[in-house]
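Please open the structure in your viewer and keep the sequence panel beside it. The tour below goes from one selection to the next and says what is found at each stop.

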Amino acid sequence: MTVTVDAFRLISRAQGEYARCIDDGRMEDWPGFFEEDCHYRITTAANHSEGLQAGVIWADNRRMLTDRVSALLEANIYEAHTYRHILGQPAILEESDEGARSETGFLVVRVMRDGSSDIFATGRYLDRYRFHGDRARLAERVVVCDSSTIDTLLALPL
Amino acid sequence: MAPRVEQARSAAPATAVHLKRPEEGATLTSTLPESSAKTEQGRPEWPEELTRVPYWVFQRQDVYREEQQNLFRGPYWSYLCLEAEVPQPGDYRTTFVGDTPVIVCRDEDGELYGFENRCAHRGALLALDDRGSNAKDFTCVYHAWSYSLQGDLTGVAFKDGIKGQGGMPKYFCLEDHGPRKLRLAVLHGLVFGSFDEDVPDIEEYLGDEILSRIERVLGGRTPVVLGRFTQLLPNNWKLYMENVKDSYHASILHLFFTTFGINRLGQRGGIVVSESGAHHVSYSAIDREAEQDAGYSDQNIRSDSDYSLADPSLLDGFSEVGDDTTLQILSVFPGFVLQQIQNSVAVRQILPRGVESTRLNWTYLGFEEDTPEQRTVRLKQANLVGPAGYISMEDGCVGGFVQRGIAGASDEEAVLEMGGASAASSESRVTEASVRGFWKAYREGMHLRQEKDK
């Protein structure tokens, strides 16, 4: 069976938009990159290699991501800051006409209101995408941070 | 414990004394508060009442050094790891007591041993990983001095030299050298250690009220680690401990529950402060009587907010241990927390990393007895806590807000008057009694002030 969908192009496009959404501060649009029955979690390389299930953020559907955004916008208190995501090229691990598995390295710089810019996180996205025509949506994103330490707190998603 | 503290005091010339009475120094100190009288270390004297905490205690390098000596390496118990993390002979974990690196290891005899992670030769670390298994010994990479799993020096490379040349002197005795050993105590699967042989037994140290509440969460169950996360806090470690013990801030700083209209009506609660002030428990529980009286028997969640959760199953939990307690935050002096927030159970290890830096190690727990559904609840409710927790992320930054806020205020003091001036247990959580308890234990352990007769 030949694969007719260009997974690399669909995933690259989705990820470019994903990063731009968070970095522009359009949090309310972020859940839209996921399928309704998605899984999203942020963990560390140490937890991941040990097979430990917990995340600093853990969601098993898109409504939980919506709640995460509502909490960030309405309830939680943290100093104003922005991210700058720099993504590597996605490595396509498995692909079909319906979807693909991919892995993408990332680097996130956190810019605080006093102007300090620090590397907040580096790691990789372990993704499962589903294709809908010309769009790719995340059925699963496991954000595996290289370091096991998070500076101060994690508010905005990675 | 009291007699030994007295000994320590008499041995420490650092005990706070007035070098001059405030009025005698009027020309120099007229613009400063009375507490500006200086001790031998050049610090303003510690205030007499528990309701004031001078800000210099969060800022000074000499205080940091004395804390390491008097508290972390003194007659106190520090949390090291879970027994479940070192189940087999040859398993070990590396961690810290304050800023002192240590190894916890299970020897072939099945017992746990703890000792400094430091070679007795030139001081290098003996173990470089966070954890390991099947260890037969610990060998320093620098000069291959080797140690048993109990921390005893068993070998020195080229001890007898080569071809009769070099080597250690004949009088060199292995038994005379080794990393300092820890006294260990295992309590319901929690491993504590102390460098001071004279530390009271852990049961006496904690007291029945604290013990029974540790047992409530961990007793008779086998914890399973669900994940480990570290938060690097931009503040002095004591600001985090104050925050943990501060039941006053919970509904004010953490707006998640109120924003989403999750007001549990029938709640009762309170705080327990141990006699020394050192340890505390804050708890809340479903109040069945109040619920029935108020007619809320079949709905204990009221929504009077513009916002609601798209997935309210976040809060669908189960009775953690078969009782009505839905929240129990427990702290052990100087730097340990056991938390049950609904079905999110975790231990937190608080490690000073400098005057203005603290490592907060979270270990999220489940139990072997969990059903798959219960495990999912735990993973979901872990969203409430940790570095990104709905009701805990603010605790990661608020200590930094204080640290930055007090930058020019070393001679000023924090005010802790909510709920009075004592450090006693209370039915109300609108109190700072357990924070005052922390300072009561702290100033005694640091010999900052002689306790007055009660």
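Which kind of link joins the side chains of Asp127(A) and Arg141(A)? Select the two residues: their side chains meet in a salt bridge, at 2.7 Å from N to O, where a salt bridge is a side-chain nitrogen of Lys or Arg within 4 Å of a carboxyl oxygen of Asp or Glu. The pair links distant parts of the chain, since Asp127(A) belongs to strand 6 (residues 117–132) and Arg141(A), 14 residues away, to strand 7 (residues 135–145) of chain A; helices (H or I, at least four residues) and strands (E, at least two) are DSSP runs, numbered from the N terminus. Asp127(A) and Arg141(A) are both buried, a word that stands for under 20% relative accessible area, with exposed meaning over 50% and partly exposed in between (1.4 Å probe, protein chains only).

Before going on, note that this is a predicted model, in which local features need pLDDT of at least 70 and side-chain atom pairs count only at pLDDT 80 or more, while totals for chains, interfaces and linings use all residues. Residues are numbered from 1 along each chain as its sequence is written, chains are lettered from A and ligands numbered from 1 in the order in which they are written, and side-chain values use heavy atoms, with hydrogens and water left out.

Next, select helix 1 of chain A, where Arg13(A) and Glu17(A) lie 4 residues apart, about one turn of the helix. Their side chains form a salt bridge (3.6 Å, N to O), and the two residues belong to a network of salt bridges that also includes Arg9(A), Asp134(A) and Arg135(A). Arg13(A) is partly exposed at 37% relative accessible area, and Glu17(A) is partly exposed at 28%. In this helix, which spans residues 7–23, you will also find Asp23(A), which is buried at 9% and whose side chain reaches the backbone nitrogen of His85(A) at 2.6 Å.

Now move to chain B and select Arg180(B) with Glu116(B), a salt bridge whose closest N and O atoms are 3.0 Å apart. Arg180(B) sits in the loop between strand 9 (153–155) and strand 10 (181–187) and Glu116(B) in strand 5 (residues 112–116) of chain B, so the pair ties together parts 64 residues apart in sequence. Arg180(B) is partly exposed, at 43%, whereas Glu116(B) is buried, at 4%.

Finally, show both chains and turn to the interface. The contact (heavy atoms within 4.5 Å) takes 40 residues from chain B and 36 residues from chain A. The buried area between the chains is about 3300 Å², with 56% of it from carbon and sulfur atoms; buried area is the accessible area (1.4 Å probe) that two parts lose on being put together, summed over both. Select Phe229(B), Leu379(B) and Met393(B), which supply 17% of the area that chain B buries against chain A, more than any other three residues.

How many salt bridges does the rule find across this interface? There are 4, and one of them joins Arg131(B) to Glu50(A), with the closest N and O atoms 3.1 Å apart.

Conventions
A polar contact is a pair of N or O atoms within 3.5 Å; within protein, one must be able to donate a hydrogen and the other to accept it, and residues adjacent in sequence count only if both atoms are side-chain atoms.
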